[in-house]
Amino acid sequence: MAELLLDSDIRIWVFLPIVVITFLVGIIRHYVTILLSSEKKVEMQQIADSQALIRSRMLRENGRFLPKQSFLMRKHFFNNEQTGFFKTQKREPVMKNPMTDPSMMTDMMKGNITNVLPMIVIGGWINWAFSGFLTTKVPFPLTLRFKPMLQRGVELASLDASWVSSASWYFLNVFGLRSMYSLILGQDNAADQTRIMQDQMTGPAMGMPQDPSKAFKAEWEALEICEHQWALEGVEDEVIAPHIENIRNKSI
């Protein structure tokens, strides 16, 4: 197939409008999410439990810088069989069912409205308004396996796989503008579609809290096998040795 040359008007009326529309939709989605977001209530007991787990982990990681007696005192506080924190504190797992909790159902509906619905509507409109356009070409050769991804809406078997259609250009912008969103809106923004999809896949969006009893048991086992290894052995001699050497040299 002969080499294609794109009309310069495609850059003005197709290429740039898709970038601007995608960017502005992300900005609007960010502020709409802020307006619709509800404050999540966090109980003081959950905060205290998380802080205790953090203290125990810090003790395991940095206990070598504490004297042995101090390390054992802290370990005794957490792991003693009769009075240890992880042995005496019993927590009941609170597993919320998203189908019966109205607040979780509302949050899921808000997430669908602000994230899924705009992508479907704008993507469908762009596919209808700019159907059949080639917007750009990647500066390196690609195999035929990339054609379904980069040439959505353009069914030409003889077309080079490096060309990008208007619909594919929209989806590339949806996931490729995250750096611009982070620069303008900050790191934790609601316009980053990739982060939102990761949250939905990993589970926080479903609102399933961690079982504190299992976390306490795992941390107790990790701290129980942790032995004290004094990392500052002989540090006094290393600090004083240069000064003693200087004194000896002066006396001589």
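This is a guided tour of a predicted model, moving from the whole chain to a few selections within it.

Before selecting anything, note that residues are numbered from 1 along each chain as its sequence is written. Because the model is predicted, local features need pLDDT of at least 70 and side-chain atom pairs count only at pLDDT 80 or more, while totals for chains, interfaces and linings use all residues; side-chain values use heavy atoms, with hydrogens and water left out.

**The whole chain**

Begin with the chain in a cartoon view, where there are eleven helices and two strands, these being DSSP runs numbered from the N terminus (helices are H or I, at least four residues; strands are E, at least two). Followed along the sequence, the pattern reads α-α-α-α-α-β-α-β-α-α-α-α-α. Of the 252 residues, 30% count as buried, where buried means under 20% relative accessible area, exposed means over 50%, and partly exposed lies in between (1.4 Å probe, protein chains only). If you switch to a surface view, the accessible surface comes to about 17,600 Å², and 62% of that belongs to carbon and sulfur atoms; such areas come from the Shrake-Rupley method with a 1.4 Å probe, and for residues only the protein chains shown count as cover. Among contacts (heavy atoms within 4.5 Å) between residues at least 6 apart in sequence, 67% join residues at least 24 apart.

Next select I28, V32, L35 and L36, which make a nonpolar surface patch of about 370 Å². A patch is made of residues with over 30% relative accessible area and no salt bridge, with like charges joined within 9 Å and nonpolar side chains (Val, Leu, Ile, Met, Phe, Trp, Tyr) joined within 5 Å. L36 is found in helix α1, which covers residues 8-36, and L36 counts as partly exposed because its relative accessibility is 34%.

**Three salt bridges**

The structure holds three salt bridges, each being a side-chain nitrogen of Lys or Arg within 4 Å of a carboxyl oxygen of Asp or Glu. Select R57 and E61, whose side chains meet at 3.7 Å, N to O; both residues lie in helix α2 (residues 44-62), four residues apart, about one turn of the helix. R57 is partly exposed at 35% relative accessibility, and E61 is partly exposed with a relative accessible area of 40%.

Then select R60 and E219, whose side chains form a salt bridge at 2.7 Å, N to O. This pair links distant parts of the chain, with R60 in helix α2 and E219 in helix α10 (residues 212-224), 159 residues apart. R60 counts as partly exposed at 27% relative accessibility, whereas E219 is buried, with a relative accessible area of 10%.

Now move to D160 and K137, where the closest N and O atoms of the salt bridge are 3.8 Å apart. D160 lies in the loop between α6 (147-150) and β2 (163-165), and K137 lies in strand β1 (residues 134-137), so the pair ties together parts that are 23 residues apart in sequence. D160 is partly exposed at 35% relative accessibility, and K137 is partly exposed with a relative accessible area of 30%.

**A buried serine**

Finish at S168 in helix α7 (residues 166-176), which is buried, with a relative accessible area of 2%. Leaving aside neighbours within four places in sequence, S168 is in contact with M149, L150, Q151 and R152.
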